[in-house]
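Dear colleague,

Please find below the structure that I am handing over to you.

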Amino acid sequence: MEGVAEVVSESRVAAEPLLKARGLGKHFGPVQALYDVDVDLYAGQVTALCGDNGAGKSVLTKCIAGIYQIDQGQFFWEDHPVHVRSPRDAARLGIETVYQDLALADNLDIVQNMFLGRERLNNGFLNEDDMERSAARTLSSLRVTTVRSIRQPVASLSGGQRQSVAVAKAVMWNSKLVMLDEPTAALGVVQTRMVLDLARRLRDRGLAVMVISHNLNDVFEVADRIAVLYLGRLVVQDRASAFDRQSVVDYMTTGASSRTVQRSDADGGKPGQG
Ligand SMILES: Nc1ncnc2c1ncn2[C@@H]1O[C@H](COP(=O)(O)OP(=O)(O)O)[C@@H](O)[C@H]1O
Ligand SMILES: [Mg+2]
């Protein structure tokens, strides 16, 4: 029977989304960046958020991260209505975000970066040994093994290593949802692979992972689900197997697609809002 393998591979997936967003709206002055966005992010799944430049991907990410406050709509976390009004609210829920640019402080070393703003103290002094051990443990558990010393300044790392440290920093805090905004945009092939492997490892640990990318190679390599924003509207979300490259491009560039790739259990037909 066709569906069997699918059922097995999806058994690690919770039936209910970890995060449900309903009817999100966000404007900046006259610019309506998000319209009535419904999006679901599942534990144990990588969701790729796709869309052309200006579609609203970063704004949506920042709303979920509590950096921007939504004008309309509601978040549900593990099926409970929640407010996300600040990065602190997001962190309390277990939401962490890795941004393309602002990820790390160049002049600080890896340990200092991973604990920036959440330093561990012992009688009022920085507990360096403790922080160093935790940082090393987190990096090795994620198999980030290419850095020579966790005391080297972040400025000396390659782009892929920097992203890996930024991701490790994000997952060190019992996070349940990690969002990566264009994590591979500035990376070469090998480094891109390293970051995508890391995204998969987080998923395999049961985290919900959202990856923003407009590189369709990355998207199809890593995504379990795909959601597409078009001019601030979420026009489709479904399992990755319900799409092919052309249909994703269609959704990204026109907001619609006439292509049907594969029957989807969710709605018995075309990729849908499911
Ligand atoms: N802080 C802001 N102030 C005003 N407009 C903004 C702001 N942030 C984003 N926008 C606008 O919102 C829209 C979506 O932007 P963004 O989410 O950054 O797109 P992308 O999908 O490329 O990440 C764009 O029209 C952008 O100009
Ligand atoms: Mg962006």
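Among contacts in the chain between residues at least 6 apart in sequence, what percentage join residues at least 24 apart? The figure is 65%, where two residues are in contact if their C-beta atoms, placed from the backbone, lie within 7 Å.

Please note that this is a predicted model, in which local features need pLDDT of at least 70, side-chain atom pairs count only at pLDDT 80 or more, and totals for chains, interfaces and linings use all residues. Residues are numbered from 1 along each chain as its sequence is written, while chains are lettered from A and ligands numbered from 1 in the order in which they are written.

Overall composition

The chain has nine helices and 12 strands; helices (H or I, at least four residues) and strands (E, at least two) are DSSP runs, numbered from the N terminus. Of its 274 residues, 44% are buried. A residue is called buried if 20 or more other C-beta atoms lie within 10 Å of its own, exposed if 12 or fewer, and partly exposed in between, with C-beta atoms placed from the backbone.

Around ligand 1 are Phe28, Val31, Ala33, Gly51, Asn53, Gly54, Ala55, Gly56, Lys57, Ser58 and Val59. A residue is counted here if its C-beta atom, placed from the backbone, lies within 6 Å of the ligand. Strand S2 (31-41) and helix H2 (57-64) are the elements that give two or more residues to this shell, and H2 gives the most, with three. By type, the shell divides into five nonpolar residues, five polar and one charged. In this division Ala, Val, Leu, Ile, Met, Phe, Trp, Tyr, Cys and Pro count as nonpolar, Asp, Glu, Lys and Arg as charged, and the others, Gly among them, as polar.

Helix H2 is itself mostly covered, with eight of its eight residues buried. Lys57, Ser58 and Val59 are among these buried residues. H2 lies across S1 and S2 and runs at about 115° to S1; axes are lines fitted to C-alpha atoms, for helices over the stretch in contact, and angles run from 0 to 180 degrees between N-to-C directions. Just after H2, glycine 66 takes a positive phi of about 80°.

The sheet containing S1 and S2

An open sheet is formed by four strands in the order S2-S1-S4-S5, with antiparallel pairing. Two strands pair if DSSP finds at least two bridges between them. S2 and strand S5 (80-82) are the edge strands, each pairing on one side only, and the twist averages 30° from one strand to the next. Strand S1 (residues 19-28) is joined to strand S4 (residues 72-77) by five bridges, and glycine 25 stands opposite glutamine 72 in S4.

Strand S3 (residues 46-50) is mostly covered, as five of its five residues are buried. Val46, Ala48 and Cys50 point one way from S3, and Thr47 and Leu49 point the other way. S3 pairs in the parallel sense over four bridges with strand S10 (residues 208-212), where valine 46 stands opposite valine 209. S3 also pairs in the parallel sense over four bridges with strand S11 (residues 225-230), and there the bridge partner of leucine 49 is alanine 227.

The largest nonpolar core has 80 residues, and those with the most contacts inside it are Val178, Ala199, Ala208, Ile226 and Val228. Such a core is a set of buried Ala, Val, Leu, Ile, Met, Phe, Trp, Tyr and Cys residues joined through C-beta atoms within 7 Å. Not counting residues up to four places away in sequence, alanine 199 touches Val46, Leu180, Val209, Val211 and Val222.

Leucine 198 lies in helix H7 and counts as buried because it has 25 C-beta neighbours inside 10 Å. Leucine 198 and leucine 142 are 56 residues apart in sequence and 6.9 Å apart in space, C-alpha to C-alpha.

Two backbone points

Most residues other than glycine have a negative phi. Aspartate 36, in strand S2, has a positive phi of about 50° although it is not a glycine. Glutamate 182, in the loop between strand S9 (177-181) and helix H7 (189-204), likewise has a positive phi of about 50°. Aspartate 36 is partly exposed, with 13 other C-beta atoms within 10 Å, whereas glutamate 182 counts as buried, with 20 C-beta neighbours inside 10 Å.

Yours sincerely
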